[in-house]
Amino acid sequence: MTATRDRIEATLRKRYRRERLFRFFGLVSLGISFLFLLILLFTIFRTGLPAFQQTWIKIDVDLDPAVLGVDRHASQDELFGANYAKAIKVSLRKIFPDAKGRKKKRGLKNLVSNSAPWQLRDAVMKHPDLIGTTHAFWFLAKDDVDVFMKGQIDRNLPESDRRLKDFQLAWIDKLLAEGRLEKRFNTTLFTAGDSREPEQAGVAGAIMGSFFTMLVTLLLSFPIGVAAAAYLEEFAPQNNRWVDFIEVNINNLAAVPSIIFGLLGLAVFINFFGVPRSTPLVGGLVLTLMTLPTIIIASRAAIKSVPPSIKQAAIGLGASPVQTLFHHTLPLAMPGILTGTIIGMAQALGETAPLLMIGMVAFVVDIPHGILDPATVMPVQVYLWSDSPERAFVERTSAAIIILLGFLVVMNSAAILLRRRFERKW
Amino acid sequence: MSIQTILLTLVALLLFSYFLGHKRSLRSVKKGRGGDKLHSRPAYYGYMVALWAGIPAVIVLLLWTMFQSQIVTSLTVAGLPETMQAESQGGHGLVINEIMNLADSGMVAEKSDPTLKAAAEHYLRLRGISHQAIAVLALVAAVIGMLLGLRMVRPDTRARNVVERAIVWTMLGCAAIAILTTVGIVLSVLFESLRFFHAVPITDFLFGLTWSPQTALRADQVGSSGAFGAVPLFAGTILISAIALAVAVPLGLMSAIYLSDYASPMMRAITKPVLEVLAGIPTVVYGFFAALTVAPFIRQAGEALGLDVASESALAAGLVMGIMLIPFISSLSDDALSAVPRAMRDGSLGLGATRSETIRKVLIPAALPGIVGGILLAASRAIGETMIVVMAAGLSANLTINPLEAVTTVTVQIVTLLTGDQEFDSPKTLAAFALGLGLFVITLLLNIVALKVIRRYREQYE
């Protein structure tokens with residue numbers, strides 16, 4: 001008796017140590033996920049938050065009729081064609097008289113965004129009386145100046161490694177000293193479409209594109225998904241080979257790589273049916289096929305959880321099976337169905353790969369106004385910007401990710417709330 | 001008439017037929033035609049008439065969308081002069097494309113070539129006629145259907161049964177979309193792949209060791225013969241997926257075990273959402289993070305150790321993909337572990353085993369099929385994952401097993417081959433479909449095996 005006990009006790013310490021070690025490994029693996037999420041969010045927010053601010057430059061523009069080529073009595077058409085770029089150039093040289101030589105002149109031009117002439121044009125066309133006066137305007141600064149102002153260019157680097165040269169840094173210091181540089185909230189990011197110039201680029205086009213794409217996806221996948229789920233749960237004959245085949249297909253489609261759906265969209269929707277490329281319509285169609293399995297599986301679970309007694313009561317009172325479905329089963333299953341739908345839509349909103357196949361990577365400047373306008377979507381915009389070489393696009397990529405994550409958080413919270421609020425245990 | 005107007009008119013017509021059917025059913029009872037009591041509620045008669053009006057119109061519209069472009073194109077070709085007709089048959093539809101582009105550009109009048117100009121005008125005219133014809137046809141079909149439907153409105157018509165049968169058939173149609181999608185996937189990748197295998201022998205594709213899909217414009221160009229050997233791509237895919245699984249399987253499994261067996265309810269309430277957040281982050285975000293932070297970090301770490309690390313190493317993409325897969329593996333293993341009957345766990349604990357011994361020697365062996373199924377599903381996801389590798393893995397096809405070098409994957413190549421602007425007939429674009437076919441077949445096999453394993457395992461304990 002004691003011999004056995006001794007033997008057990010001899011190993012017991014070792015066994016307990018192993019137990020603690022095992023437990024510790026479990027904690028560590030959870031901790032790694034935790035840590036990774038923290039680092040990811042921290043990195044994205046640290047790089048992305050500066051993008052919500054933007055640098056503006058104040059320039060006293062001398063609206064000399066001789067430079068502009070028009071006077072204050074000119075028609076709107078003439079005002080439209082006036083030489084605003086030259087007016088800005090002349091005024092800039094007035095601030096920096098030392099800008100001599102081609103290199104320095106170009107460096108001077110590169111302080112201000114090339115949207116400045118249009119900005120000036122709009123202002124003058126609104127108030128032609130300004131012509132002939134000198135007026136202070138705030139213009140968007142070029143992305144390099146913006147990046148420097150946010151401390152992302154180290155002035156101690158050798159000059160050849162910097163986008164901004166020494167003389168430009170001196171000018172920026174002078175502008176700062178005169179209070180001509182200012183950081184403001186970046187409204188461009190939310191109102192503009194895509195652009196090759198970082199300071200003029202915004203996500204408005206991508207947000208609208210995502211909106212229209214999601215609209216198409218929702219309008220198609222919700223009714224089709226619910227109908228399919230209801231059929232499979234309530235009307236499908238038992239042990240039918242075709243019904244089994246449908247179920248196998250749905251389960252498989254849920255695991256098919258998303259890029260394959262892109263190939264399908266390219267070959268079938270675009271090349272065979274002639275749906276226009278790059279549009280939210282074709283994007284929505286592809287995402288519909290992708291989200292359908294998710295919605296069908298969630299809806300089936302929700303319909304299954306409605307107790308049979310309710311259906312039997314309805315049938316017993318003379319309702320037909322279809323009436324039972326529409327009057328009783330579906331309304332009771334709706335919270336579960338909606339939760340599944342929202343989760344499916346959140347997946348679709350973050351999906352990128354299939355949309356690359358069907359031309360939604362096109363560079364689209366205009367903000368789309370319908371499902372047939374060329375468009376891009378938020379995640380694809382992230383991908384496009386992450387590919388751009390300019391330093392200023394890195395922070396904008398992160399900012400776009402923050403906005404995208406914001407939408408996803410809202411959608412998922414809605415799903416959780418819905419589940420909490422309406423979930424019923426029978 | 002544009003499509004939108006046709007659809008709107010059609011909807012209005014359907015509402016109108018519902019209204020007519022509803023009214024007529026009530027009137028027919030008063031007149032006592034065919035009985036003095038309606039079989040169904042009046043609304044069902046309305047729906048029935050609307051169905052009669054809507055179905056033919058929708059069929060007409062569908063047929064038109066499927067065939068109109070072919071018909072219009074072939075009529076345009078028929079209108080071309082003899083010489084150009086022969087050309088358009090040989091020249092891969094180049095002429096047709098030119099005509100269509102010209103017509104769509106809206107600058108027909110400025111084109112100098114008179115034959116092309118005439119053809120484009122002809123094409124535009126035909127398209128206009130086809131649009132008008134479809135409007136008339138669809139609306140006529142709807143009206144005839146409505147009239148036929150209205151004739152059926154009598155008190156003894158079983159309108160509810162008609163409508164309900166239509167609803168059930170529609171629902172069956174919706175369910176069958178899953179089959180259609182699969183068929184569509186198979187057909188679309190298969191057809192284009194077959195065309196690809198006409199240009200490139202299938203053995204070269206499957207067993208070739210070099211991948212350089214540049215096809216030359218001129219025959220005498222350097223490197224003119226594009227090489228389409230897919231082995232390096234599949235090797236790269238397997239390398240990255242293996243790294244990802246090596247990260248995800250132990251971490252995911254241990255997380256699941258800790259959460260189900262050790263964590264306090266409080267801890268679980270905090271940790272589960274974290275895993276769900278990880279699962280909900282779009283892959284493009286992971287890709288950006290991998291390229292921005294992880295890859296440079298690994299490169300610097302490697303340099304500190306005196307290793308030569310490529311800036312787009314397989315390791316970076318694989319690591320981040322592994323993190324992405326943790327929640328997936330963890331939730332599937334959790335399902336598998338919790339399906340093991342309570343009695344087995346209690347029996348082992350009752351015999352004096354520690355918790356970790358119970359888990360390692362009883363729970364995991366019992367849940368192994370479920371866990372393996374989950375790992376197979378994760379492998380299928382890793383192989384098909386696109387954005388992380390597009391953004392963090394390289395483009396050059398290296399045949400290597402060194403995780404510090406840059407490799408490329410099947411999905412990366414599909415994306416690069418298809419996102420440029422090129423003619424749809426070149427072997428370069430078709431190669432993407434052949435790769436897609438390979439990807440589809442592999443993931444399909446993995447999924448089928450995984451689902452079968454999981455299902456059989458579930459039955460075992462139910």
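This is a predicted model: local features need pLDDT of at least 70, side-chain atom pairs count only at pLDDT 80 or more; totals for chains, interfaces and linings use all residues.
**Stop one: where the chains meet**

Begin by selecting chain A and chain B together, and look at the region in which 65 residues of chain A are in contact with 69 residues of chain B.

**Stop two: a pair of helices from the two chains**

Next, select α12 of chain A, residues 258–272, together with helix α6 of chain B, residues 159–199. Two packed helices are described by the angle between their axes and the distance between the axes. Here α12(A) and α6(B) pack at an angle of about 75°, and their axes are 9 Å apart. Angles of 65 to 115 degrees count as roughly perpendicular, and therefore α12(A) and α6(B) are described in that way. To see the residues involved, show Ile260(A), Leu263(A), Leu264(A), Ala267(A) and Val268(A) on α12(A), which meet Gly184(B), Ile185(B), Ser188(B), Val189(B) and Glu192(B) on α6(B). Sorted by class, this contact has seven nonpolar, two polar and one charged residues.

**Stop three: two loop residues with positive phi**

Stay with chain A and move to the loop between α12 (258–272) and α13 (280–304), where you will find Ser278(A). The phi angle of Ser278(A) is near 60°, which is a positive value in a residue other than glycine. Is Ser278(A) buried or exposed? Ser278(A) counts as buried, because 21 C-beta neighbours lie inside 10 Å, and the cut-off for this class is 20 or more.

Now select Asn239(A), in the loop between α10 (204–235) and α11 (241–253) of chain A. Asn239(A) also has a positive phi, near 55°, and is likewise a residue other than glycine. Asn239(A) is exposed, however, because 7 other C-beta atoms lie within 10 Å, and a residue with 12 or fewer is placed in that class.

**Stop four: Arg163(A)**

Finally, select Arg163(A), which sits in the loop between α7 (143–149) and α8 (166–177) of chain A. Arg163(A) counts as partly exposed, because it has 16 C-beta neighbours inside 10 Å. Leaving aside residues up to four places away in sequence, Arg163(A) touches Asp144(A) and Ile153(A).

Key: Residues are numbered from 1 along each chain as its sequence is written. Chains are lettered from A and ligands numbered from 1 in the order in which they are written. Two residues are in contact if their C-beta atoms, placed from the backbone, lie within 7 Å. Helices (H or I, at least four residues) and strands (E, at least two) are DSSP runs, numbered from the N terminus. Axes are lines fitted to C-alpha atoms, for helices over the stretch in contact, and angles run from 0 to 180 degrees between N-to-C directions. Angles under 35 degrees count as roughly parallel, over 145 as roughly antiparallel, 65 to 115 as roughly perpendicular and the rest as oblique. Ala, Val, Leu, Ile, Met, Phe, Trp, Tyr, Cys and Pro count as nonpolar, Asp, Glu, Lys and Arg as charged, and the others, Gly among them, as polar.
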